Amino acid sequence: MAAPGEYRAVLGGKARPVDVAAIEHELTQLWKAAAEDTLGDRPVVRACVLNLVAYAPSQNVARHANEVISQVSGRHPSRSIIMVAGPRARSARPQASISAHCEIDPEGGRKVCSEQITLRASGPAVDELHGTVLPLLVPDLPVVLWWHDEPPLTGHLFQELLEICDRLVVDSADFAPERAERTLMGLQQLGEEGSVAVSDLNWSRLSHWRELVAQFFDAPAGRQHLDNLNRVEVQIASRRGREADLTEGLFLVGWLASRLGWVLEDQRRSRGGAMAFRLRSAAGAVAVELRPRLVYQEEGLHSIRLGAPDGATFSVSRMPDDEKSVAVVADVPNGGGSHVARIDPPSEAALLSGELEMQGCDVVFEEALAQAVRFLGVGR
Amino acid sequence: MGAASATSGRDGGKMTVPERAENPLRVGMRSPRKPEPNTLVIFGATGDLTQRKLVPALYNLALEGLLPGEFAAVGFARRPKSHHHFRSDLKEAAAKHSRTRPLQILAWDGFASRLYYCRSEFGDPAGYRELAGSLEEIESKTGSRNRLYYLATPPTYYAEIAQRLGEAGLARNEGGWTRIIVEKPFGHDLASAVELNRILHGVFDEDQIYRIDHYLGKETVQNILVFRFANGIFEPIWNRRYVDHVQITVAESIGIEGRGAYYEQAGVLRDIVQNHAMQLLSLAAMEPPATFEPNAVRDEKVKVLRAVRPIRPEEAEDSTVRGQYQSSVISGESIIAYREEKDVVAGSSTETYLGLKLFVDNWRWAGVPFYIRAGKRLPKRVTEIAIVFRQPPLALFPTTDGSHLEPNVLSISIQPDEGISLKFGSKVPGPQADLRIRPVEMDFRYGTSFGFAAPDAYERLLLDAMLGDATLFTRRDEVEAAWAFVTSIIEGWARSKPPRFPNYEAGTWGPDEADDFMERDGRRWRRP
């Protein structure tokens with residue numbers, strides 16, 4: 001057994017290399033030493049509300065994942081297990097270390113800690129990491145798999161981990177454009193099968209935008225136009241020389257279509273990376289256009305503009321001089337209004353934290369995803 | 001509350017997205033719903049409540065992006081001030097009292113640019129005409145005619161302000177909603193509460209009136225309902241068959257903080273028991289509501305208050321124990337007696353401590369006593385509901401010293417350390433032949449489980465009022481039912497001999513009579 005000083009270092013954030021077979025024993029010793037209050041002047045409380053299993057394809061990504069996990073651990077104390085795929089095979093066995101993320105609880109006094117296990121493997125051993133992860137899961141708590149890369153839908157490790165997790169978290173902004181459609185389809189199927197809830201941080205990034213769009217139709221003056229919308233124009237910011245990623249825009253249109261009962265009527269592609277197609281609502285045709293817009297700074301959604309036959313328009317668009325602010329403009333016959341809203345891009349930790357709060361499937365996302373996949377697929 | 005959800009459990013299959021959302025784009029929205037653009041008018045905008053609670057709460061809502069873009073606020077008070085002076089005073093107050101510090105200047109400036117001031121006496125019709133003009137001007141910029149009035153004045157002005165608003169045509173408007181928040185105390189007895197309700201209803205409909213009891217905005221108070229009705233294991237034992245008695249404690253370590261004139265008229269019965277304690281009682285004792293809609297929840301709460309067995313005036317002395325604190329020294333600091341406080345009558349018989357026993361005469365609680373204890377200058381600030389369970393039917397493990405096993409206690413702590421704990425007996429480790437049992441506590445603390453500070457109660461309640469969600473506000477019949485119970489006790493006390501005050505030292509758990517009061521029933525107060 002290690003000396004109390006070594007455990008104190010672990011609770012201070014230092015990783016302690018341990019034998020894979022002894023991980024659970026080492027953690028027990030860590031918390032026992034903490035409970036005996038031998039580790040300093042503050043009582044230490046271990047807290048755990050879920051198992052967070054993260055996959056990182058490289059050491060750099062693992063460092064980033066570790067940083068994000070430490071930021072969410074205050075709100076979601078968990079047993080986190082980071083699997084790191086190494087560049088070359090040093091050993092057939094995974095290497096393990098334990099560490100802890102601690103915060104002083106807001107009421108003062110106690111130090112609330114959650115534990116982290118890092119497993120490093122290379123070569124064929126990566127594919128077998130699930131065998132090491134499985135016995136380390138805290139019983140009876142939800143398992144969230146955060147795949148910090150484009151998920152290999154048919155990969156052995158991925159498939160094995162899907163079997164044990166309740167929620168899969170990915171970020172479609174990381175998907176290679178040439179594979180995005182296929183991967184999104186795979187995720188949609190996973191969601192449809194219902195065995196695992198699927199979260200996409202790229203969808204969560206749209207929360208501010210969705211909120212601002214929804215606000216137009218809260219009051220009766222705006223609500224009367226919602227069922228008659230006939231035009232949706234979305235601009236996606238992209239830098240020179242880079243292909244615009246339309247996924248966010250497709251999610252946004254997919255969300256509108258699924259909430260408002262619009263169905264896809266036809267699709268055509270136009271030049272320059274733009275996409276245009278027609279949907280049908282109960283009131284008639286809805287023309288949709290997504291096109292890239294060249295920018296120098298922030299990529300991602302640039303604007304959305306909704307139009308109705310009577311000339312009413314509703315738009316949210318980034319300010320030219322401050323890309324973290326948007327102009328929110330409702331222009332309706334005999335009225336309307338405008339204001340500027342702050343739209344700070346959420347941190348990855350904030351996005352992940354939001355997903356960890358979810359229990360069960362996000363039906364709204366899944367329906368928006370299904371629509372987005374349809375928009376991508378028809379006409380091919 | 002009651003927001004449409006679009007998540008489902010894995011086992012239960014996907015649920016149908018609820019149809020009731022008026023705006024279909026709101027379904028499944030994870031960010032808290034923002035209210036429609038509106039203008040808040042605070043009457044008594046230079047007072048303590050505005051400075052300490054309302055403005056810090058509004059600032060924090062703005063900081064978290066929970067206020068609508070076109071939100072504006074107008075301060076209405078008697079002191080002469082410019083808009084600029086008003087903003088500057090509130091900035092100082094927010095910097096001092098906000099739960100998030102330091103003040104973020106950009107966020108404050110954005111918020112403060114929409115703060116305005118209107119000087120007037122509360123009874124002067126000209127002031128209301130000026131207010132109407134200001135609202136028209138603000139609304140021409142914001143494009144919204146939704147209005148929320150907040151009565152943060154001394155209660156003597158409530159009726160007058162409501163009437164003046166009505167006369168000025170400000171109680172309703174065609175282009176938006178109009179609501180009014182009324183602070184406690186709501187009346188000083190049943191007759192005055194009924195009269196205030198009558199006057200308010202002459203101007204506003206019940207669904208426009210939001211009677212605030214800030215206790216209901218506290219996370220743990222809301223959690224009482226979640227704890228009881230979202231967990232399958234507690235409700236089956238939440239009744240007379242398993243519960244021996246319930247203790248509700250609302251203890252404060254501070255004195256009356258310079259509010260002698262008010263406290264002389266109120267006492268702890270009116271100040272704490274009629275509102276906070278009766279609200280806690282109704283939440284702890286209520287039946288499950290049919291839905292989590294405002295009126296469904298409030299229907300069940302009011303049923304509890306109606307089922308409380310009245311304490312007739314002639315029973316008041318036997319069913320209560322009163323106290324008043326005397327001087328003391330706590331941690332080297334001299335504490336003056338209540339009667340020596342500013343604006344308190346020398347021979348005052350106002351109670352600063354109250355112990356009370358009541359029964360809820362319904363199927364669930366028949367015969368189970370509820371003990372309420374509230375007071376000033378008690379050893380610590382603590383609010384809790386403790387459910388004390390019956391002993392096992394058979395003493396299988398005799399104790400060596402002849403003592404009884406401790407009963408199981410489930411305590412719900414409202415403040416300051418919000419959480420829930422369960423006390424149960426456990427074997428003391430060791431090989432002794434005589435098995436020893438000791439009580440141990442299983443603790444759940446909000447701070448350690450969720451690791452972040454809960455929003456202030458006023459933030460939640462202001463937001464709810466703007467959203468039109470009245471679940472956490474008190475309805476007319478609730479207020480009147482609570483006053484009906486309390487007024488009978490006040491009448492009984494008025495007929496009795498004045499109590500021998502002072503009778504407890506500041507910094508103790510009340511008078512000795514309070515312990516005797518419990519011992520008569522073979523019970524004792526918990527030490528929270």
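Chain A contains 13 helices and 18 strands, where helices (H or I, at least four residues) and strands (E, at least two) are DSSP runs numbered from the N terminus. The model is a predicted one, in which local features need pLDDT of at least 70 and side-chain atom pairs count only at pLDDT 80 or more, while totals for chains, interfaces and linings use all residues. Residues are numbered from 1 along each chain as its sequence is written, with chains lettered from A and ligands numbered from 1 in the order in which they are written.

Of the 380 residues in chain A, 44% are buried; a residue is called buried if 20 or more other C-beta atoms lie within 10 Å of its own, exposed if 12 or fewer, and partly exposed in between, with C-beta atoms placed from the backbone. Among the contacts of chain A with a separation of 6 or more, 67% are between residues 24 or more positions apart, a contact being a pair of residues whose C-beta atoms, placed from the backbone, lie within 7 Å.

## Domains of chain A

Chain A is assigned domain 1 (4-165) and domain 2 (204-356 + 367-377), the bounds coming from an automatic or database domain assignment. Between them, 8 residues of domain 1 of chain A are in contact with 5 residues of domain 2 of chain A. On the domain 1 side, α3 (59-72) and β7 (143-147) of chain A each supply at least two residues, and the largest share, 3 residues, comes from α3(A). This side of domain 1 of chain A has 5 nonpolar, 2 polar and 1 charged residues, where Ala, Val, Leu, Ile, Met, Phe, Trp, Tyr, Cys and Pro count as nonpolar, Asp, Glu, Lys and Arg as charged, and the others, Gly among them, as polar.

## Strand β14 of chain A and its partners

In strand β14 (residues 300-307) of chain A, 6 of the 8 residues are buried, so the strand is largely enclosed by the rest of the structure. Strand β10 (residues 231-239) of chain A runs antiparallel to β14(A) and is joined to it by 7 bridges, with Gln235(A) having Ser303(A) as its bridge partner; strands pair if DSSP finds at least two bridges between them.

Strand β15 (residues 313-318) of chain A is also antiparallel to β14(A), through 5 bridges, and here Arg305(A) stands opposite Ser315(A). The hairpin of β14(A) and β15(A) has 5 residues between the strands, and Gly311(A) in this hairpin takes a positive phi near 95 degrees.

## The parallel sheet of chain B

Chain B has an open sheet of 6 strands in the order β4-β3-β2-β5-β6-β7, with parallel pairing. Because β4 (115-119) and β7 (209-211) of chain B stand at the edges with a single partner strand each, one side of each is left without a neighbour in the sheet. Neighbouring strands of this sheet are turned by 20 degrees against each other on average, direction ignored.

Strand β6 (residues 178-182) of chain B runs parallel to β7(B) and is joined to it by 3 bridges, and Val182(B) has Arg211(B) in β7(B) as its bridge partner. Helix α5 (residues 158-167) of chain B packs on the sheet, where it touches β2 (39-43), β5 (147-151) and β6 of chain B, and its direction makes about 155 degrees with that of β5(B).

## A helix pair in chain B

Helices α1 (residues 48-63) and α12 (residues 457-467) of chain B pack at an angle of about 75 degrees, with their axes 8 Å apart; axes are lines fitted to C-alpha atoms, for helices over the stretch in contact, and angles run from 0 to 180 degrees between N-to-C directions. That makes α1(B) roughly perpendicular to α12(B), given that angles under 35 degrees count as roughly parallel, over 145 as roughly antiparallel, 65 to 115 as roughly perpendicular and the rest as oblique. The contact of α1(B) with α12(B) has 7 nonpolar, 1 polar and 2 charged residues.

## Backbone exceptions

Most residues other than glycine have a negative phi, and most peptide bonds are trans. Asp140(A), in the loop between α5 (129-133) and β7 of chain A, has a positive phi of about 65 degrees although it is not a glycine, and is exposed, with 5 other C-beta atoms within 10 Å. Arg377(B), which has a positive phi of about 55 degrees, is buried, with 29 other C-beta atoms within 10 Å.

In chain B, the peptide bond from Gln415(B) to Pro416(B) is cis, with omega near 5 degrees, and a cis peptide bond with omega of about -10 degrees joins Phe501(B) and Pro502(B).

Note on methods
Two residues are in contact if their C-beta atoms, placed from the backbone, lie within 7 Å.
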